[in-house]
Structure formats: C-alpha cells, structure tokens
Amino acid sequence: MARADWEVIVGLEVHAQLLTASKIFCGCSTRFGAEPNSQTCPVCLAMPGSLPVLNERVVEFAIRAGLGTGCTINEHSIFARKNYYYPDLPKGYQITQYDRPLCENGRLVIDTPDGEKTVGITRIHLEEDAGKNTHDPAGGPSRVDLNRAGVPLIEIVGEPDLRSSEEAAEYLKALRDVVVYLGVNDGNLEEGSFRCDANVSVRKVGETTLRNRVELKNINSFRYVRQAIDYEVGRQIGIWEEGGTVVTETRLFDPQKGVTRAMRTKEEAKDYRYFPEPDLLPLVVSEAWIEKIRGELPELPRAKAARFVSSYGLSPYDAGVLVASMQVADWFEEAVAAHGGSAKTVANWVINEILRLVKDSREGIAASKATPEKLASLLRLLDERRINAAGAKAILEEVHGTGAEPAEVMKARGLEQVSDSGAIAAAVDKVIAANPDQVEKYRAGKKNLLGFFMGQAMKELKGQGDPKAVTEAIRARLGD
Amino acid sequence: MNPIDLTLAQLSARLEAKELSSSEVTGACLDRIRATDQNLGAFLFVDETGAMAQAKAADERRAAGRSIGPLDGVPLALKDIFCTEGIPTTCGSKILEGFVPPYDSTHVRRLKDAGAVLLGKLNMDEFAMGSSNETSAYGPCRNPWDTTRTPGGSSGGSAAAVAARQCFGSLGTDTGGSIRQPAAFSGVTGIKPTYGRCSRYGVIAFASSLDQVGPFGRTAEDCALVLQAIAGKDPMDSTSLDAEVPDWAAGMKGASVKGMRLGVPKEYFVEGMDPDVEKAVREAMRLLEELGATLVPVELPHTEYGIATYYVVAPAECSSNLARFDGVRYGMSKREEGALREMYFRTRAEGFGPEVKRRIMIGTYALSSGYYDAFYLRAQKVRTLIKRDFDEAFRDVDAIVTPTTPDVAFELGERSEDPLRMYLADVFTLACNLAGLPGMSVPCGFSSGGLPIGLQILGKPLDEATLFRVGGAYQAATDWHTRAPRIG
C-alpha cells in the first residue's frame, strides 16, 4: 500500500487518576490494592438516598493540570450525569462534566524529528472512575469491586493534531511527564492510573476534511500506543484503497496479537442522556484561587531541560535524561550546588553511575543511599586527584549501598592515590632498572611502550598512583 | 382525655411538666396504631421495641434533668422514603422489599438527637410518584375521614397517621405537592420548606431539583417544632442552604396578619374546581382580611404550564435517579436465569410498578438525544419563567394564598387508571416546587360530604416564618384543625 499518499490523523483522550487521598464525592480512601469493597461507603456504593459532595482538593489538582497544559480555567463549570447501565457503575450514571468543563484550550509541546510541535488540548474535565468487574473464566458469578468507584479522574482530550504513531507516543510521554511533575498523577500506565484511548483516521494527503474515525481502547503502554495506531492505520488504508469505507466504531486493541477488534459501532452507540447533575451546584472557582495555584506550579520538564542546557551547558540529550524524572533533576541540581564545580561532570556521574545503580528499583533515585552531598564529596576527591576514576566508581558503589562517607571508604579500602613525587620516582626508577630492553626500544622510538611502563609503575604503586603524575615521571625519566 | 388527642406542643408541655411520660404516650400511640391501622394502612413498619426503648430513654433523661428539648420523648413517624439504619426502608416499592439501610438520613439522625421517639415507617406512593397513595406496592393508605377515599399522596401515610392520632407529627417529602395535597385531603397541617432548607441526604431521590422534606402536624406550631429540628445546612448535601434557621415556633406566638399583604392569584381559581373547595377557601381569605390582612390580586401567568413543565423535569430526573435499582447491590435481584441484561430487565420489570415505569419512560424519552432541547431544556426555561412570576408577585405581597387542591379527597380507584386526571390533583401545588418556594397547607373547612379542605399559603424563599405566622394566626381564629375523624 502506498502509505506516503496517506496522512494519519490521531487525537488522544487520556484518563488520569488524581492523587488525592480521598475519592471525588465522598471521604473514602483511594488507596490501590485494598481488600475488595473495603473502601466504600453509602455514597460510592450508591445506596438509596446518598448524595455526592465535591472534594475540593480534586478541583485544585485538576486546575493544576489545566494550568500546567496552558488551559484556560473556567471560573464557572458544571457537572453532568452520563447515564448508562453497568455493574461497575453503581448509580447507573457517571458524574462527569459535559457542556462546560473546568479547563479548555490548552497545548503541549512535543519533540518530533522535524523539531518542536505544539499539540492542542481541547479540554480537561473532572469525573469519577467506575469500579471493577471480575469475571470467572470458568463461568461462575462475576464479581464487582467498588473500591475504585468514585476515584477522581481528569479526562484530557487532545486535538487531532498528531500525524504519526510516534508523535502520539511522544505526546503521551510528554503529557505523562507533565502530570507527574505537577504531582497530580502517578503516570502508571500498567496499573491503569494513566489510561489512553486513541481516535484514529486517515486521509489522502491534501484532503481538508476528515474521514471516518475509529476509537481505540485498551492501550496501556507506550509501545501499545504505537502498535495499535500502526495496525489501525494499515487496516484503514487497506480498506480505503480497496474501495471500501472505514466504519466509525470503537475497537479494542489486543496486545497479544497486536491487532484491533470491533467493539461497537456508532449506530449502536449508547445514548448517554447527559443532563446537568442536580445534586451538585455549579462549580465556581475564584480567580484568586486559580492564581494561587498558578503561583505554586513547579517548573515543568521542557522548561527545566532548556534551563539545564543554557545554564549548565549540558547537551539536550543529557538534559532530557535528567528531567525525565523530577526527582532525578532535583537530585542533580543539589549535587551541582554542593559540588560547586563542573555541572557536566556531575551530570555524567548522575547519568552514567547513579542512574545505573538504581535502574532496577521502584523508588528510583531515592533508593540510593548516595546523596547529592556525598556525590559532591566524591567528585571533590577526584578533583583533588586523591582518587582516580576507577577508585571513585568503586567508592560510589559502596556509598550507594551503605551511605558511608566517600572519604572514609577511600581510606578504609586504601584507594587513595599516591601523588607523592618521591614514592612515584622510586617506583619509576625500579621499573626502568628492571626493563633495560624496553627502555632501549622506547628511546629508539617505540613510544607506545609508555603504556607498558605505566602499567608496571602502577603495579609497583599498587594501583594507587596518580596516573597523571606517574606519566609525567616516566616521561621525564626517559628523557622525553 | 386520651393523650393522643393532644397537639405536639401540648404534649411537649405535659412531658416537661412530668404530667405524662413518654413511655405512656408512646404506648398510647402504639395502641392507637394497633386499633386503627388495620383499616387505615398508614404504617408499613411499626418499630414497637425500638419506640418503647427510645421512650424509656427519654423518660430517664427527663428524670435526670437532662431533657433535650421540645421533641424529647415525642412520638413521631417517618415516610418510608427516609433511610433508617437497621429499619426496613421500601419507598413503597417491591424493588426495595427487605432492604435495610446501613445509615440514617440526616433528618432521622437529627430527630434522634432531639430525643424524638420514632414509631415506624409510613405508607406512600411508590418512590413518591403518585397523588393518592395507590401506587404503593404494599396497598393503599386510606383517608381517616372516609376510608373509601384516598388520603392524598404521595405522603399519604404521613398525613393519615397524624389525622388518625397515631402519632404527634410525621415527616414527608414534597416534590410536586406530596406534603400539601395529602395534608389538605386528610385535614392536617403540612409544610414544604424552601428548596435546600432541609437536607436531602438519606431521602430516596425522586426528582433531585424538586424534592424537599417537611413535617406534618395537627397545627402550624407543631410543624414549626418538628421543622426546627431537621432544618439547616448539611455538609452531606451540597444543595442544602447555609442559611440561619430562625426559631419559628417562638416567632409565631401571638402572631397576627395585621398589615400583611396576601396575594390572591386568579389562576388558582379554575373552572371545574369543587365549589365547596372554592367556597371554603374564599371564606378563609375573608377571615384573614377580617384579621387585618389586605388581599391583593396577583398574576401568575405561567401557571398553566406548570403541569407540563413538571412532568418533563421530574420524570427526567427520576429516570436517572432510579437507575441504581439494578439488582446488583441491594433490594430485589432477579439473577436466577440468563446474563446481565436479563437480570436488569427482570429485576426492573418485576420490581417497579406501572406509574414508576411510566415516569422512567417519559423521563428517558425527554432526555434522549434529539429530544433533549425540545423537552428538558425547554422545560427548564419555562421553570425560570414560573419562578419569575413568583418573584414579580412577591414584590407586592408578603405571601400568596390559594386553595391547596381543586377537589377534596377522591375515591380509591377513581383516578388510578387515568394518569392525566391524577396529575391534576397537583395542579395548585407543583409550581411552588418548580420555583423552590416554601408552601403550607392548613385545614380551612369541610365539604358538604364531610371531607377536609386545605388553604395553601406560599411564601418567599426562606420565608417560612411568614407562613407559620399566617397559619398560626388563622388557626388561632378557627377550629378546623382541631376536628378529628371518627375511626376505629
């Protein structure tokens, strides 16, 4: 198929669970993984007569997400009921926002091979999560767990501005980084606290109207986003090129087979009978509150990366690695401040050593007992040439595991470099005296024997010689 | 004198003076219920053990000098729409047969905190949808003045129980007239306060933007004493109003209508209304004039759209509110055969009665895509116009007086097959709900056939105080409210 003729149109809808301690309309805990139905009350069980009361913290988090993505915050927004039947939806309707959402008209900048691209965000609205149904594969009764019912969500609806599966994955990553930086979401796709649906259509290059689109569900990793969209794009182009018509429908991505399957078509789509939620007053947020939240926003990943490049002289790549986690970025900046020397050196050590040491731990950089101050002390030992790079790495591994002071590890393990010129001169003399043949060859021009003398001298010095001083001593002694 | 013939206020004084004990009075109420309810059907559940224990506790508090207030030890009863922890709550529906709520409604909690003795749960139209108590899945409640007739609805049991001296006051709910209409039909006093004056937490929802809780009593003063205990902001209901709750009973002592301007809307005297009703209400108005009020003609031009508007908004909200009765978590669940859809269909087909189904269908239709603008949205606009009519009228008057209903209590079965005629029973009461205003019905006479007639008094938002003053002044000058039906 002639893919170059076709343009891919993708828009993502992301549901992100807000990290509030309690649910959106009651005081129940939002903790993940508790005993089924243990975190419920008359309100989230939809007992007859119960009523929702909005959790103010949820609104604050949603405003933060809106401001972090450049949205306008509507001072007046309303909740609506979305009516449908499902056992995990205890009221028979979901409380969401429909006509008037809390946030509108935002944007997110992503990197593409052609440079930066701005992707529009249509709206961010508040809603409640549903519970969870579990079905018995053996055909026994299905079970409903309502612990998740009423967990606060924001739905972030993106404009159909994405033109490839790579851009979609890039957008999703950038969006996740932002909500995680904002502290409103944990960014966990696998556990479903950050979920994505993709609206996908294709059209011939040059066409100005959109063709029928398909909504893809069940995309719970960055890899699946690319896979699902790529599969779907291929499928749609195939249909159009064979003279068919793509049906507007909802399709489910099957990660095992890497394909999408029809779920329901638009014709049989449900009529949700939205209407304003009479149990809640219109949501009114004051300008002062919005501005207060704006004042508390953290520096976001792109701004931070740009600053790391401009003020620390890092490469955009290194800056990107460091800001991928706010924790790491903060750690790095603390280490730079404590060290006071080359930020690039600090960056190298953080990226190549610290991140390698913690790469398998869930807590990330916090898992290391090495603190920014300790890395700074270690780098000072290196700057003062009291240790060499190999020694420094060995020390860091121990500091990482035990939290010991680098200088003490250096002493305890005898890793301090010999830079005393007398000791070095004695070792060099000994090596030269023991290897007259090599000395002759060196003098005759075989300069690469320097490495040999280096090795022998270091051996004499038990590996603790300052390499720079040893090299200089050998050269001087051999008359270079 | 049998203590059950006392008003709540009189009983409260006797209890305070220790001339009567709560245990005695509660026992008398339970005797009365046993003697009369076979014929009446006001109660769906009588909590004899609980009531006697609460009475004993009230007596002990009083003996120890720790009495809580005017309701301490006073036997009351609740429409079966209020969730009561550990006590069955059916909402008059088969779908909630055997349902025992895990929590108390805010009103139940507040009445318990005030020391009231709760005798049991009262009959009602299924999910408060009806005007005659005939849609109850547990059989109709009957009018104590004539047991072949309806006590009104939907809070029929709440009105009949007070009229029949089974309790000293009761709670009902009013979505389109469900307190005032049965109060009128049963010859008792009832008030629907301003929307938001009372919490809705723990009241099984019919139409959220219209539902409001209120008391029934033998007098306006009795209603004031009960409303006092349950009104006020509730953190569990976002739509409850954070407004000061005045001492209504104190405010109506020696109240007079002198100098008050009372509006009389011509739209509330319609062709085809019962001439006995019109006569009694006109007579009541004349008396109010004699007592010093000025009658002022007012216009409520959008009154005629009230029923149409109401029968879009209320069913729309109910179609959504009743979705939770799905057989998954509580109440009836028909899951023996088939899969999920069959459980939904069978549970709801067997659990709901015809009137409830009718309204769910009307409401579902009104909210459907393509019809929403023409029905729901337009109804909300008309609702604004109706509210504006009242705002306009209240610039010139302190309260509005009207008949509560166009007719007296009709016979059981007379209208149950004719929904439209049934809906007309609420024609004078539902505009008040659409506008969110307080409204009261007080007995103002009897028909030639001996059936009670009610005078409706409508007030400004949050101005229940004026209603109590008008009702109190009227009752000080009349004795309609003191008459008792002969039953049992």
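This is a predicted model: local features need pLDDT of at least 70, side-chain atom pairs count only at pLDDT 80 or more; totals for chains, interfaces and linings use all residues.
**Core.** I started with the largest nonpolar core, which holds 213 residues. The members that touch the most others there are A:Ala62, A:Ala168, A:Ala198, A:Val225 and B:Leu76. I then asked which element gives this core its largest share, and found helix 2 of chain A (residues 165-181), with 9 residues.

**Second core.** I also found a separate core of 35 residues. Among its members are A:Val328, A:Ala329, A:Phe332 and A:Ile395.

**A:Ala168.** Which residues does A:Ala168 touch, leaving out those up to four places away in sequence? I got A:Val10, A:Leu12, A:Leu162, A:Ala198, A:Val225 and A:Ile229. Two of these names, A:Ala198 and A:Val225, were already on my list of core members that touch the most others. In soluble globular proteins, nonpolar side chains tend to be buried together.

**Strands.** Next I followed strand 7 of chain A (residues 115-128). A hairpin of 2 residues links them. Opposite A:Arg107 I found A:Gly120, in strand 7. Strand 7 also pairs with strand 10 (residues 152-158) of chain A, again antiparallel, over 7 bridges. I looked up A:Ile124 there, and its bridge partner in strand 10 is A:Ile156.

**Chain contact.** Last, I checked chain A against chain B. On the chain A side 25 residues are in contact, and on the chain B side 34. How many residues of each class does chain A bring to this contact? I noted 17 nonpolar, 3 polar and 5 charged.

Notes: Residues are numbered from 1 along each chain as its sequence is written. Chains are lettered from A and ligands numbered from 1 in the order in which they are written. Two strands pair if DSSP finds at least two bridges between them. Helices (H or I, at least four residues) and strands (E, at least two) are DSSP runs, numbered from the N terminus. A nonpolar core is a set of buried Ala, Val, Leu, Ile, Met, Phe, Trp, Tyr and Cys residues joined through C-beta atoms within 7 Å. A residue is buried if 20 or more other C-beta atoms lie within 10 Å of its own, exposed if 12 or fewer, and partly exposed in between; C-beta atoms are placed from the backbone. Two residues are in contact if their C-beta atoms, placed from the backbone, lie within 7 Å. Ala, Val, Leu, Ile, Met, Phe, Trp, Tyr, Cys and Pro count as nonpolar, Asp, Glu, Lys and Arg as charged, and the others, Gly among them, as polar.
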